[in-house]
Amino acid sequence: MPKKKTGARKKAENRREREKQLRASRSTIDLAKHPCNASMECDKCQRRQKNRAFCYFCNSVQKLPICAQCGKTKCMMKSSDCVIKHAGVYSTGLAMVGAICDFCEAWVCHGRKCLSTHACACPLTDAECVECERGVWDHGGRIFSCSFCHNFLCEDDQFEHQASCQVLEAETFKCISCNRLGQHSCLRCKACFCDEHTRSKVFKQEKGKQPPCPKCGHETQETKDLSMSTRSLKFGRQTGGEEAEEASGYDAYWKTLSSGKYGDTSYQDEDEDEYEAEDDEEEEDEGEKDSDTESSDLFTNLNLGRTYASGYAHYEEQES
């Protein structure tokens, strides 16, 4: 029998667990709140963009650079961590920076800790948008992470991608390895898996977490907790196939097409419109001819006497 834990031992274990969680939360900062991904406004062109050493649009250097690791704009020399010593003097601007990160394209201050740790822990190391495949150096906006599949997204595609991220690349919710209902969904592979096929020999499941995807290793989520939808096709052989009686597949498609219920009737409509337009034109021509004949009949019996139009002139009457 194991010894019973005392109250002091339980308190010590709980304290160590809390300290471990605090250390983990400090090391994992939200990507949108990280200093290397902070929002910056250029001093010269006044355009808002991601934190950069040089402006993406006009290539100008900023007056107050922000450190990509600690986020400070002024070094007050409170500790002896600075590589360049400046005792009693606050350093700002280019006197504070020590390097430029190759991944996030932002300044890193001259602190020894920031210089030695930022390059290895930069969150934008492999930051390439999953939609447009642009990196940090290819666009001026910030980088975001999808809340479902946790892929990198640029500022232009983040809303459009997240609106269509929970769509499976299948027409049913069944497991891709068998015919049972998939209880776990991988939002990177866009596939469902049952309990049996989530067990993988390559990717091990951590305690207290969801099983990993057997294809890519990404953590899966339960399908019932998501707003998942299946892929839908509204063209080809599926057009009207379900509503046809005693027919399915290609047979139903060609039957409905021949019956004209779901077929394209635009040509018939165009022919009918042409015939109607021609009839209207003929009726208009006939109406114009009738109006001309009626007006000519009105003026046939009208006598105005001798006029200039009939060849009469006033000087001919005086001479006679």
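R9 is partly exposed, with a relative accessible area of 45%. Partly exposed lies between buried (under 20% relative accessible area) and exposed (over 50%), with a 1.4 Å probe and protein chains only. The model is predicted: local features need pLDDT of at least 70, side-chain atom pairs count only at pLDDT 80 or more, and totals for chains, interfaces and linings use all residues. Residues are numbered from 1 along each chain as its sequence is written, and side-chain values use heavy atoms, without hydrogens and water.

The structure holds 4 salt bridges. The criterion is a side-chain nitrogen of Lys or Arg within 4 Å of a carboxyl oxygen of Asp or Glu. One of them joins R9 to E13, with the closest N and O atoms 3.7 Å apart. The two residues are 4 apart in helix α1 (residues 7-27), about one helical turn. Helices (H or I, at least four residues) and strands (E, at least two) are DSSP runs, numbered from the N terminus. E13 is partly exposed at 27% relative accessible area.

A salt bridge also links E105 and R52, with closest N and O atoms 2.3 Å apart. This pair connects distant parts of the chain: E105 is in the loop between β5 and β6, R52 in the loop between β2 and β3, 53 residues apart. Both E105 and R52 are buried. R134 pairs with D156 at 2.9 Å between the closest N and O atoms. R134 lies in the loop between α2 (112-121) and β7 (143-145), and D156 in the loop between β8 (152-154) and α3 (158-163), so the pair ties together parts 22 residues apart in sequence. R134 is partly exposed at 25%; D156 is exposed at 56%.

Strands β5 (residues 97-100) and β6 (residues 107-109) run antiparallel and are joined by 3 bridges. Pairing requires at least two DSSP bridges between strands. I100 stands opposite W107 in β6. The hairpin has 6 residues between its strands, and E105 takes a positive phi near 60° there.

The count of disulfides is 0, a disulfide being a pair of cysteine sulfur atoms within 2.5 Å. For C82, the nearest cysteine sulfur, that of C75, is 3.2 Å away. C82 is buried, with a relative accessible area of 4%. The sulfur of C129 is 3.5 Å from its closest cysteine sulfur, in C132, and therefore too far for a bond. C129 is buried at 3%.
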